[in-house]
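Me: I would like a close look at a single part of this model, namely the side of one chain that touches its partner. Please describe how that side is made up and how it is set within its own chain.

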Amino acid sequence: MKRADLIFDRPPDLAATAPAERRGLNRDEVRLLVSAPGGHTHAQFRDLADFLQPGDLLVVNHSTTLPASLPAAARLGVGDFTLNLSTNFGHGLWVAEPRLSSAQPGPLPITAGERFTAAGLDARFIRPYPGLERLWFVSIPGDVSTAMGQFGSPIRYGYVSESYPLDYYQTIFARVPGSAEMPSAARPFTRRVLDSLSDTGVEIAGIVLHTGVSSLEVEAEEVESHPLCPEPYIVPAATAQAVNTARREGRRVIAVGTTAVRALESAWDGRQVRAASGFTRLYIHPRRGVFTVDGLISGLHDPVTSHLAMLYAIAGQDMIRSAYAEAVHEGYLWHEFGDSHLILADQRANQQYYLPVRNPVHAVSTMVA
Amino acid sequence: MSASTHPSTPVALITGASRGLGETLAHFLAGQGYNLVITARRADLLDQTARALAAYGGQVMALPGDVADADHRGKLAGAAQSFGRLDLLLNNASSLGPTPLLALADYPLDQLAQVYAVNVIAPVGLVQATLPLLRAADGLVVNISSDAAVGGYSTWGGYGSSKAALDLISLTLANELKASGVAVASVDPGDLRTDMHREAFPGEDLSNLPTPDATLPFWAWLLGQERASISGGRYQAQAERWEVPS
């Protein structure tokens, strides 16, 4: 797929600059664009259940957003800077994005081995992240969790005009701390939305995928060669079973967020979803395909991002492009505090992969990858 | 006493550390605060690497020599001993054998023995020489493997069979050392733009291959796992996902 396939026009004023609650709305009163093979419908998120069926399975992400943006300082000649932590690899090793400020990216004049302080902790730049040189491996041996609690704030970019407390960055499903940025697709879910889904007979299962910092525009001409960062994920056995059962029974599986798609597809073994736990940098694009979901609830994604390639893989490029044209025309709002999009693919498209299991297949346990 | 000389500072021993993957990992570990014992046959290149590693502020002992030489392995173990601990033994040095690569029917047997001496015997020898230190630190042994270990590719029989042997050694050691707290893993780094790859494919354009840095996300993951959970695994450093064996 070519980079040009991911380009569309979106006026800059269609960015949500503040949470719904600060725009006079409840969380679930953001708009909902429903895109199905038959066409597009405009609604409000609180009416989500009206567009789902009894037996539909929603897969949600239980990851909690961290206050991952830390004040930092080094003798770089640029004064204080911002360190956005992206992914925790353990033993004090992180991938992080050093920025001049929330609004201003780098690059900063960093050399490998350089020392700095982040939230008062001694730290060191180790190496740039391969292929994504704005990100660095950094070593922070101290108590990062406590330092984040004291000095950190949610990661924020220039289009969000002021800082909001961490609560604004948590979803109703948040249970396991670890995401650098809010898994924002679930932000509009409220108690009353969950009640209406329950009344409709919609099931919910969970995964954990801790998001890293947002990826930037795809620069490569061939979309598939764009490098992605690995993210920690867990697909519990119960969720794997719920997905497999729903799919075999012809019920729809709808991911809440691209993170849920990534986790389920990473746990796909070629026949079914298995329980899994690890780090994934699986890149989902049309050539790779999608095997585990029939639909997606998501925010609206920027032009020329890898997320769009995933949306194309789920529902086809034509449907997504027409949906985005509709969203632009109708003035939908982009980004983490923006409007929502329910994408329902042609259900037959991906069901073909679920064949009846004749002989149980035993996975090779020591050969991992 | 500075932090870098404190006995709580982790220590890694890396073979084949002057170039390629070994050099890249030496930088990665030095950046994370490891003290290092590094070795390679080329003294001049090893010295360059050691000088560059000094920028991270940790201690580096660079001992040029051949890992196939038992005396040299003893010196490497002694260097780790002088640091007081060994957390990571990275058996990375490998011999490709005669290049251009030869079919087994034509392979000089003394050269086959030499490939095995470097790729099979030396890693076992280094484990034996450093085992008391590894035990004391609940250490990790990583043996660098190759897709040639399972490929059966023509002319790769010498190198590939040595790596297949090393894979089974890794798995066997993992089982044998489980009770002692020492973990052993096998890692296939995938095709990389290194001098070794250039020797194997003389004259070919390798500019599309990733540099050894491309494997750093994998190493970050591997070193972050509970040692016991990864022991006995064989991992592909350029895979789409990494999971501990179930």
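Reply: Two residues are taken to be in contact if their C-beta atoms, placed from the backbone, lie within 7 Å. The model is a predicted one. On that criterion, 28 residues of chain B are in contact with 27 residues of chain A.

On the chain A side, the elements that supply two or more residues are β6 (81-90), β9 (121-129), β10 (132-139) and β15 (276-280). The greatest contribution to this side comes from β15(A), with 5 residues.

The setting within chain A may be described next. The domain assignment divides chain A into domain 1, which consists of 3-65 and 166-351, and domain 2, which covers 69-151. The centres of these two domains of chain A, taken over C-alpha atoms, are separated by 29 Å. Contact between them involves 7 residues of domain 1 of chain A and 10 residues of domain 2 of chain A. On the domain 1 side of this contact, 4 residues are nonpolar, 2 are polar and 1 is charged.

Key
Residues numbered from 1 in each chain as written. Chains lettered and ligands numbered in written order. Predicted model: local features only at pLDDT ≥ 70, side-chain atom pairs only at ≥ 80, totals over all residues. Helix = DSSP H or I, 4+ residues; strand = E, 2+ residues; numbered from the N terminus. Domains from an automatic or database assignment. Nonpolar A, V, L, I, M, F, W, Y, C, P; charged D, E, K, R; others polar.
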